[in-house]
Amino acid sequence: LDAAAARHVRRVMSGLLGYLVLQAGVVAKLTFFSRFGWDIMEPITYFLTFGISLVGLIFFTRNRLEFSYPALAALVARR
């Protein structure tokens, strides 16, 4: 069970990293390689960052964890 939990933690953390890389790629494409410029993308990136930070704060406050990747990995493994 511990090995299965460790594999699951790696999958979840890799998925989170993949999401962040994809998000950065989409923002870069929309900013530099499309008709949208920084004037359009700046508020979008601000609210995107604010929203993700708010969701993270609510998650870690609700679960009473410190705001760190090892704490998140331990929570995923425990569940």
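Guide: One term is needed before we start: contact means that heavy atoms lie within 4.5 Å. Please also keep in mind that this is a predicted model.

Visitor: With that term in hand, what covers the buried residues of helix α3?
Guide: Helix α3 spans residues 69-78, and its buried residues are A71, L72, A73, L75 and V76. A residue is called buried when its relative accessible area is under 20%. The cover over these buried residues of α3 includes α1 and α2.

Visitor: Which element has the lowest mean pLDDT?
Guide: Across the protein the average pLDDT is 89, and 100% of the residues score at least 70. Among the elements, α1 has the highest mean, at 91, while the lowest mean, 84, belongs to helix α3.

Visitor: How far apart in space are R78 and A5, C-alpha to C-alpha?
Guide: R78 lies in helix α3, and it counts as exposed because its relative accessible area is 59%, where the cut-off for exposed is over 50%. In sequence R78 and A5 are 73 residues apart, yet in space their C-alpha atoms are separated by 7.7 Å.

Visitor: Is T31 buried or exposed?
Guide: T31 belongs to helix α1, which covers residues 2-32. Leaving aside neighbours within four places in sequence, T31 is in contact with F36, G37, W38 and M41. Its relative accessible area is 11%, so T31 is buried.

Visitor: Which residues does T45 touch, not counting those up to four places away in sequence?
Guide: T45 lies in helix α2, and with a relative accessibility of 16% it counts as buried. Once residues up to four places away in sequence are set aside, T45 touches V27 and W38.

Visitor: How far apart in space are I40 and L30, C-alpha to C-alpha?
Guide: I40 is another residue that lies in helix α2, and at 45% relative accessibility it counts as partly exposed. I40 and L30 are 10 residues apart in sequence, and the distance between their C-alpha atoms is 9.3 Å.

Visitor: Which residues form one aromatic cluster?
Guide: F47 lies in helix α2 and counts as exposed, with 55% relative accessibility, whereas F50 is partly exposed at 47%. Y46 and F50 also lie in helix α2, 4 residues apart, about one turn of the helix. In general, an α-helix has 3.6 residues a turn, so residues three or four places apart point the same way. The residues that form one aromatic cluster are Y46, F47 and F50.

Visitor: What kind of aromatic pair do Y46 and F50 form?
Guide: The structure holds 3 aromatic pairs. For Y46 and F50, the ring centres are 6.4 Å apart and there are 10 degrees between the planes. Planes under 30 degrees apart count as stacked, and so the pair formed by Y46 and F50 is stacked.

Visitor: At what angle do the ring planes of F59 and F60 stand?
Guide: F59 is partly exposed, with a relative accessible area of 31%, while F60 counts as buried at 11%. Their ring centres are 5.3 Å apart, and the pair is edge-to-face because the planes stand at 85 degrees.

Visitor: Finally, what is the phi value of R64?
Guide: R64 is found in the loop between α2 and α3, and at 76% relative accessibility it counts as exposed. Its phi is positive, in a residue other than glycine, and the value is near 55 degrees.

Definitions and conventions
Residues numbered from 1 in each chain as written. Predicted model: local features only at pLDDT ≥ 70, side-chain atom pairs only at ≥ 80, totals over all residues. Heavy atoms only, no water. Helix = DSSP H or I, 4+ residues; strand = E, 2+ residues; numbered from the N terminus. Buried < 20%, exposed > 50% of the residue type's maximum accessible area, 1.4 Å probe, protein only. pLDDT = per-residue confidence, 0-100. Phe/Tyr/Trp six-rings, centres within 6.5 Å; stacked < 30°, edge-to-face > 60°.
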